[in-house]
Amino acid sequence: MKLHEYQAKEVIASYGVPIQNGFVASTPEEAAAVAEKIYADPTGKGVVVKAQIHAGGRGKGTVQETGSRGVVFSSSIAKVQEKAAGILGGTLVTIQTGPEGKKVNKVLIAEDVYYPGATETKEFYFSITLDRERSVDVIIASTEGGMDIEEVAEHHPEKIIKEWIDPVIGFQDFVARKLAFQLGLEGVAFKNACAFMKALYKAYKETDADMVEINPMLKTSDNRIIAVDCKFSVDDNALFRHADLAAMHDPNEEDPMDLEAATYDLNFVKLNGNVGCMVNGAGLAMATMDVIKLSGGEPANFLDVGGTADAARVENAMRLILKDPNVKAILINIFGGIVRCDRVANGVVDAYKSIGNIPVPVIVRLQGTNAIEAKKIIDESGLSVTGAVTLEEAAAAVTAALK
């Protein structure tokens, strides 16, 4: 589960990670009001207005309706309302949102930490995530932080620093010192960076996060180390331990189909293809997507109905797949181990009767427990369903359906 920047900063600040002073707002008027709270003396001081969406590249992104960037500087408190109005309610398109963009419902109003006349300000990149190949945590850092970090990683990989952390041993002081040295820090900034890294790693571990990214991690002209931005993702499977984090979930940032799938307890991921998949088991789902590719199609989704594929689950899954206008055919591929194939077959028949006209070809391959009975149910149903026994037959049926 992803958090908004303002939520992520609230979390890491509770572990002692220094952040900008700031407040979230939902309307231009509220933005102007909270801007007054940032400074004890706001005279002559500016603030940053930052769109809050679950996507990166906001600083380079554009609000379609107004042409505003997703992150803008307001030179005075008086202009905050105008700047916020150019972002709130608009559709922000960034390199990570795709052309459809995302609607901005909140903005973060934050203090300007790039002090006027500062010549020693320096941006760094710092993140913590899981290295699945090594089964340990990995810290990724760079002296080239900021909006162009993707280009740095692609064109100057030598500027990317990596340090692996065994979660059993934890983040040791010598590792923090090594990283701070590699980033070229010294003196007070060196000491502050070490404390920053240790506090951030503690937040990462104790919240069951699977990724924390600070870009930029800023060294100010007075040698403070501050998280100017923060991306934070929590392992969904650990949310039962973190009710406070689960309460931060923003359904407005989720695909409506994903939300609907969650209500049915279906494992669903929407893709951009033309063949809908309904399977039981993640491994079989991957094999089914391979079959679709080899048949000349593209998977429209990953949908695992699990080991209790009764009629209701099959019907809900079918309805979900049919909501995608790009779907030109549906392949149901079930291996009957725990689940009986005849139960799935009855679910398909019931789904047809309940939904009514299904406008795309449906191919059903059922193997395993009661597969013979299941095929008989499908064949005698009188429905426009193509039965298959082998993966080759299913692939051929998909190819024919797409043509």
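**Close-up 1. Strand β18 and its two neighbouring strands.** In this predicted model, seven of the eight residues of strand β18, which spans residues 329–336, are buried, so the strand is largely enclosed by the rest of the structure. Strand β16 (residues 275–279) runs parallel to β18 and is joined to it by five bridges, with G276 standing opposite I330 of β18. Strand β19 (residues 362–368) also runs parallel to β18, to which it is joined by seven bridges, and here F335 stands opposite Q367 of β19.

**Close-up 2. Helix α6 and the residue that follows it.** The 20 residues of helix α6 (residues 187–206) reach 29 Å from the first C-alpha to the last, which is close to the 28 Å expected at 1.5 Å a residue. Buried residues of α6 include A189, A193, C194, F196, M197, A199, L200 and A203. The helix is followed by D208, whose phi is positive, near 55°.

**Close-up 3. Aromatic rings at Y201 and Y204.** The structure holds two aromatic pairs. The ring centres of Y201 and Y204 lie 5.9 Å apart with the planes at 40°, so this pair is tilted. Because Y201 and Y204 are three residues apart in helix α6, they are separated by about one helical turn, and both of these tyrosines are buried. Ring pairs link F171, Y201 and Y204 into a cluster.

**Close-up 4. Lysine charges over phenylalanine rings.** The charged end of K37 sits over the ring of F23, at 5.9 Å from the ring centre. In another such arrangement, the charged end of K122 sits over the ring of F124, at 5.8 Å from its centre.

How values were computed: Residues numbered from 1 in each chain as written. Predicted model: local features only at pLDDT ≥ 70, side-chain atom pairs only at ≥ 80, totals over all residues. Heavy atoms only, no water. Helix = DSSP H or I, 4+ residues; strand = E, 2+ residues; numbered from the N terminus. Expected span 1.5 Å × (residues − 1). Buried < 20%, exposed > 50% of the residue type's maximum accessible area, 1.4 Å probe, protein only. Pairing = 2+ DSSP bridges. Phe/Tyr/Trp six-rings, centres within 6.5 Å; stacked < 30°, edge-to-face > 60°. Lys NZ or Arg CZ within 6 Å of the ring centre and 35° of its normal.
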